[in-house]
Amino acid sequence: MSPAFLDFCERLAKGIASQFGKDCEVTVHDLENIDSSLSTIVAIENGHVTQRMVGGSAAPELLSVLREGPEKMGDIVAYLHKTEDNRLVKSTAVFLRDADGKAIAAITINYDITMLVAVQHILAEFTAGAAGDGVQPVEEAGAVNISSLLDELIEQSVAIVGKPVALMSKQDKIRAIGFLNDCGAFLVTKSGQRVCSYFGISKYTLYSYLDEAKHAATDAD
């Protein structure tokens, strides 16, 4: 990464973090010079969100994309996951490419939405009586975005497998569900029920597939 390009990325990261405040972490990853320790972070703002700093490695979700190979890299947009101290984070990773289309850097945005979700629940409980007066409850209004996010994650899981659900084998579904788990999809209320319905499986089968996906990930590491 050239000094001029790094300077641009650093200023962009600082601008985004300043715009959205202390709960918004922005990291710049150098993908041209990844060493054996997978140290990719060359700049970071509000690193307290994920407890990382310059010289640290990318998040597991980004690393899983890197392992797929440069030619398969696609932006990862608006996925949910939890930090080690159980805070809920909404993240996006955008790849920056050279003139030949090769991914040379990535900028990731990690927004801590833990307090926002807590406030959403408080407001939903406080305004629950308004539903009978023709006013949309806050819980329903707030749930629309979360619901859309889950739909997007499910679509991404299908795209990763590369075939429609009707043609998926058991291993295909395990891979898709493993992706959803890694992205934090199951942190969304009633997401398990929707995933079961979408993939045509029972809740028992879902738990079984989750276990198999976790074991496969462990074996790969």
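1. Let's start with a word we will need: a residue is called exposed when its relative accessible area is over 50%, buried when that area is under 20%, and partly exposed in between. With that in hand, look at helix α6, where Q193 and S197 are exposed on one side. S191, G192, V195, C196 and F199 of α6 are buried.

2. Now step back to the whole chain. Please keep in mind that this is a predicted model. The protein has seven helices and five strands. Along the sequence they come in the pattern α-β-β-α-β-β-β-α-α-α-α-α. Of the 221 residues, 38% are buried. The protein exposes about 12,500 Å², and carbon and sulfur atoms supply 55% of that area. Among contacts with a separation of 6 or more, 49% are between residues 24 or more positions apart.

3. Next, find the sheet. In what order do its five strands lie? The order is β2-β1-β5-β4-β3, in an open sheet with antiparallel pairing. Strands β2 (41-45) and β3 are the edges, each pairing on one side only. Neighbouring strands are turned against each other by 20 degrees on average, ignoring direction. As background, strands of a sheet pair through backbone hydrogen bonds, either parallel or antiparallel.

4. You can trace the pairings one by one. β4 and β5 are antiparallel partners over nine bridges, and R97 stands opposite A103 in β5. β1 and β5 also pair in the antiparallel sense, over seven bridges; here H29 stands opposite A106 in β5. β1 and β2 run antiparallel and are joined by four bridges, with V26 opposite E45 in β2.

5. How many of its seven residues are buried? Seven of the seven are, so β1 is largely enclosed by the rest of the structure. C24, V26, V28 and D30 point one way from the strand, while E25, T27 and H29 point the other way. Helix α1 (residues 3-20) lies across β1 (24-30), β2, β4 and β5, and runs at about 165 degrees to β1.

6. Leaving out residues up to four places away in sequence, L153 touches A78, Y79, F179, L180, C183 and A185.

7. Two residues have a backbone angle to check. Q51 has a phi near 60 degrees, a positive value in a residue other than glycine. Q51 lies in the loop between β2 and α2. A78 also has a positive phi, near 50 degrees, and is likewise a residue other than glycine. A78 lies in strand β3. Which of these is buried and which is exposed? Q51 is exposed, because its relative accessible area is 61%, whereas A78 counts as buried because its relative accessibility is 12%.

8. Finally, visit E212 in helix α7. Its relative accessibility is 26%, so E212 counts as partly exposed. Not counting residues up to four places away in sequence, E212 touches K170, Q171 and I174. The C-alpha atoms of E212 and G178 are separated by 8.4 Å, although these residues are 34 residues apart along the chain.

Terms used. Residues are numbered from 1 along each chain as its sequence is written. This is a predicted model: local features need pLDDT of at least 70, side-chain atom pairs count only at pLDDT 80 or more; totals for chains, interfaces and linings use all residues. Side-chain values use heavy atoms; hydrogens and water are left out. Contact means heavy atoms within 4.5 Å. Two strands pair if DSSP finds at least two bridges between them. Axes are lines fitted to C-alpha atoms, for helices over the stretch in contact, and angles run from 0 to 180 degrees between N-to-C directions. Buried means under 20% relative accessible area, exposed over 50%, partly exposed in between (1.4 Å probe, protein chains only). Accessible areas come from the Shrake-Rupley method with a 1.4 Å probe; for residues, only the protein chains shown count as cover.
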